[in-house]
Structures are given as structure tokens and as C-alpha cells.
Amino acid sequence: MSSAPRSRLPHPEFRGRIGVARRDATPPVGIYSRAWGSAAHDVAEGVHQPLLATCLVFQDEAAKTELVFLALDIMVFWQEEAVRLRKALLGRLRLQPHQLIVHPSHSHSSPMLLRKHADREGGHLIAPYLDSLPDLFSELVAEARAAACEAILGWGYGKCSMAFNRDAVDAGSNRDICGLNPEVPADDTVLVGRVTGADGRILATIVNYACHPVSLGGGNKLLSPDYIGPMRELIEKSVGGTCVFFHGASGDMTPRRSYEASVEAAEANGRELGYAALATLTAMPAPGMQLEYQGIEESGTALGLWKLAKKSSISTELRAERLTTTLPIRDMPTRADIEAAMAANPNRYERERLERAMDRRAIVGDGAEGDFYFTVWKLGDGFIVSTPAEPYSQFQVALRARFPEAAVAVLNATDGCLNYLPPPDTFQRDVYQVRVALYQRGALETVRELASSAIERML
């Protein structure tokens, strides 16, 4: 016996006080910014588009609840730096850990921002930039709090074909490579959030999409937000307000044009995502409305009428949890092994790989298990699941399939850097994400189930 047909199309929303603020946070030209092993340069020689810092605050005055979201156009907050920054912000802003999310856009055309690179060309600029962030973010939060007003955050799902699977094989050598693999279907979901004020004006647009910001590769010498900047620019010119990017579960995703030297690649990719987001916005009902089935209108055939109808209520609930668990660590070289390999004077890109291997070993230490943490927010009928890792896209696909009535935004590399969460079948290959993964096979599924349980509790 089939289930009853749906009589409405869900339009997940949250109603409360929402504030938005933005600052230019572009690091100085000349900063050490060698993020690619293939790069022949060490410092940024110019700026393609500004690197931005953005704040969203969500408040439920009745429950005296506040959630603070901070976004910055950098590749990642390395683990030690994330701990330092969050400690400073939690104290200044008087927040508990579950109330704060700090999210990098993950652009690979931004500096890596490791203090240990201070002795390299342009490295003296890294520490001052990092040290400026607590003040910058604190001021942003103050501005967003001051700007907070009654608003509605609504969500809509759309499609964008800019992202491709990137677990490919080179036909000539049969090597596993990180590049476009058109043979494997990619998650093409784009989730768009729209913050609308009481006057009907769009205050902010959120674009949640899973695709590595690697339009630009080692040949690019400019600081750039990658495709995110042109996407934001297009949306803001079209509908107004502030556009905020949520980098999704993109462990296996790369853009249509990847690893190029010209910023035109980033601009083309950004336009593709921007127009897809605008199409999704166009299809969304007005705030407080949803499509509902009205019944039959007799015509040449029986017509089923669906019309926009006002909701009886909009959720004002804010909830948040910060979850922790332990995951088994993969076998990886010891510090002594890595130091010995470095002493052999490897070439430039091999040394880059070894330095990153040492960074990974430093994150997990020398034990058999490592701590893993992540945050889940409930914003009315929508959820944000933010992890410090880079899960494959199937992570978000599974969560959204399990909770079809809700909007589920998944964020990568947030509040730290705990590397990739590949699915079990990839551990049989020599793909990059498995080579650098910190945790053993099964970690992706463990985190997914914990996230699902958290959503179920909040529902």
C-alpha cells in the first residue's frame, strides 16, 4: 500500500533577530603564500579580489539564545591556530563553544598561515595577520549584533553542475590522480539561504555548495577568494545584501576548470555557481509562504492545483550541540621517518609533501586514537553540520536524504583542520585524500551517524 501523497512542499525557515556584518580582511601583498607543491613562487604578488570576513548572528530573544557564525576567505585554520583563536573569541564574546562557528572558505589562493613559516620570504607577515584576527572578528560581531533585526531565514535546494568528482585515473600510467573524473556522477546540490528583513529587503544570501576552491593552481600568484569572490559579486549585484559562502562536503569535488593560472577560470566557475544560486532564489516562495495542494480543477483532464499559501507559524527555535568522539588513527610515518626523508634533500614538491606529513603527525600525536569534534546547529527548520574535516560529498547526500523535510547545510574544514574523511571503498586506492587522511576506514560513517543522531534529538 503506497503512502499518502504530499500535500505541501516544505519551505524550511527560521524567524528571529539576524545581524550581518562584513570587513575586508585581505592579507598584505608580499605575504608568504606558497600553497601548492607545484608553485615556483613563494609570495603573493597582487590581489585578484579582496579576501573578506563576514559575520552572521542569530538570536532568539524569548529564549535568550544566540549563535555566532564567522567566515573568512582563507584556506584553513590550522589546528593550533584554531584553538588559539576560538579561546580568544569565546572569552571576548562571552559565548560557550557550541555557540560559535569559525568557517574558512578554503580558497587555495590564500596564504597557508602557519607561524612556523616566519623565516621564509614574506613569512614575517603571517603572525601579525593572525594576531589581528581576534580584534577583527570581535569588531565584526559587535557590528552584526548592532545591526540585528527581525528577519526570516528561508532555505531552498537547487542544482549546479560546476563540481566534478576528482578521484580520477591517468590513462597512460594508470596512476590515481586528483582531477576531473566525468565518469563518476557528482553531487550537484546547491543549498541557498535567504535572509529577508521585515520590509521585504534581502539582507543576506547564503550559498552552500560542495566544491574545492581550486580554480587557480600553482601558477597563480595573486591572493584570491577563487570562484567564491565572483559568485558573491554576481549575487550581491543582482539581489542586494551580503552573500556568504558555506563550503560544503567537497572531499571528492573539484570545479569544472581547475588548477589554472589565469583568474578567468575562477571568474567563469563563480558565474556558473552564482547563476545557479540566483535560479534557486527565484524559485523560492516568499517568506512565510509555501506551496500547498488545493485540490482538483476540472478541465480537459483533472488538474491538480498547487498554490502558495501562508504558513500557520514559523519556527523561532535555536539549538546547538558541540559533539566529541575518538577515532582510530591510520598508520603513518613517525616523526623520525619524516625527518630522515627531509635530510635526504628531496626536490621542492617532495619536501612540501614531507612538511605536510609532519604537520599531520603533529595534529594527532603518537597515540592510536585521536579526538574528533564537530558542531550541529538548529535554526528553525534548518540545520548546520560543521566538521573540522573534509568529508566526501556522500556525507551530505546521506544526511539530506535522511531528513528531507529540513534544510541541511554541511560545512568543511571548520574550527580547525582534521583532514579528509573518505568512504571505505577509496581506501583500496592511492588517491590523495586517503594518503593524507588521519583516521582509519569507517570514520566517515561514524561521524555521519553521530550527526544524524544529533539532528534527530533536535527534531
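What follows is a working chat about a predicted model.

Biologist: Ground rules before we start?
Modeller: This is a predicted model, so local features need pLDDT of at least 70 and side-chain atom pairs count only at pLDDT 80 or more, while totals for chains, interfaces and linings use all residues. Residues are numbered from 1 along each chain as its sequence is written, and side-chain values use heavy atoms, with hydrogens and water left out.

Biologist: Start with the open sheet. What is its strand order?
Modeller: S5-S4-S3-S1-S6-S10-S11-S13, 8 strands with mixed pairing. Strands are DSSP E runs of at least two residues, helices are H or I runs of at least four, and both are numbered from the N terminus. Two strands pair if DSSP finds at least two bridges between them.

Biologist: Which are the edge strands?
Modeller: S5 (100-104) and S13, each pairing on one side only.

Biologist: How are neighbouring strands turned against each other?
Modeller: By 30 degrees on average, direction ignored. Axes are lines fitted to C-alpha atoms, for helices over the stretch in contact, and angles run from 0 to 180 degrees between N-to-C directions.

Biologist: S1 and S6: parallel or antiparallel?
Modeller: Antiparallel, with 6 bridges joining S1 (residues 13-24) to S6 (residues 149-159). Phe14 has Leu153 in S6 as its bridge partner.

Biologist: And how many bridges join S10 to S11?
Modeller: 7, and S10 (residues 189-197) runs antiparallel to S11. Val195 is bridged to Ala204 of S11. The two strands form a hairpin with 4 residues between them, and Gly200 in the turn has a positive phi of about 90 degrees.

Biologist: What about S11 and S13, parallel or antiparallel?
Modeller: Parallel, joined by 6 bridges. Ile206 has Val244 in S13 as its bridge partner. Ala204 stands opposite Thr242 in S13.

Biologist: How many residues of S11 are buried?
Modeller: 8 of the 8 in S11 (residues 202-209), so the strand is largely enclosed by the rest of the structure. Buried means under 20% relative accessible area, exposed over 50%, partly exposed in between, using a 1.4 Å probe and protein chains only.

Biologist: And S13?
Modeller: 6 of its 6 residues are buried, so S13 too is largely enclosed by the rest of the structure. Thr242, Val244 and Phe246 point one way from S13, and Cys243, Phe245 and His247 point the other way.

Biologist: Which strands does H4 lie across?
Modeller: H4 (residues 263-283) lies across S6, S10, S11 and S13, at about 60 degrees to S10. H1 (residues 79-93) lies across S4 (65-72) and S5, at about 140 degrees to S5.

Biologist: Switching to helix pairs. How do H5 and H6 cross?
Modeller: The axes of H5 (residues 335-343) and H6 (residues 348-364) come within 10 Å and cross at roughly 165 degrees. That makes H5 roughly antiparallel to H6. Angles under 35 degrees count as roughly parallel, over 145 as roughly antiparallel, 65 to 115 as roughly perpendicular and the rest as oblique.

Biologist: Left-handed or right-handed?
Modeller: The H5 and H6 crossing is left-handed. Left-handed means the near helix is turned anticlockwise from the far one by less than a right angle; right-handed means clockwise.

Biologist: Now H7 and H9?
Modeller: H7 and H9 (residues 443-458) have axes that come within 10 Å and cross at roughly 30 degrees. They are therefore roughly parallel. Their crossing is right-handed. Residues of H7 that meet H9 include Phe395 and Leu399.

Biologist: Which residues of H7 are buried?
Modeller: In H7 (residues 394-402), Phe395, Gln396, Leu399 and Arg400 are. They cover an arc of only 120 degrees around the axis, which puts them on the same side of H7. The arc is that of the directions from the helix axis to the C-beta atoms.

Conventions: Contact means heavy atoms within 4.5 Å.
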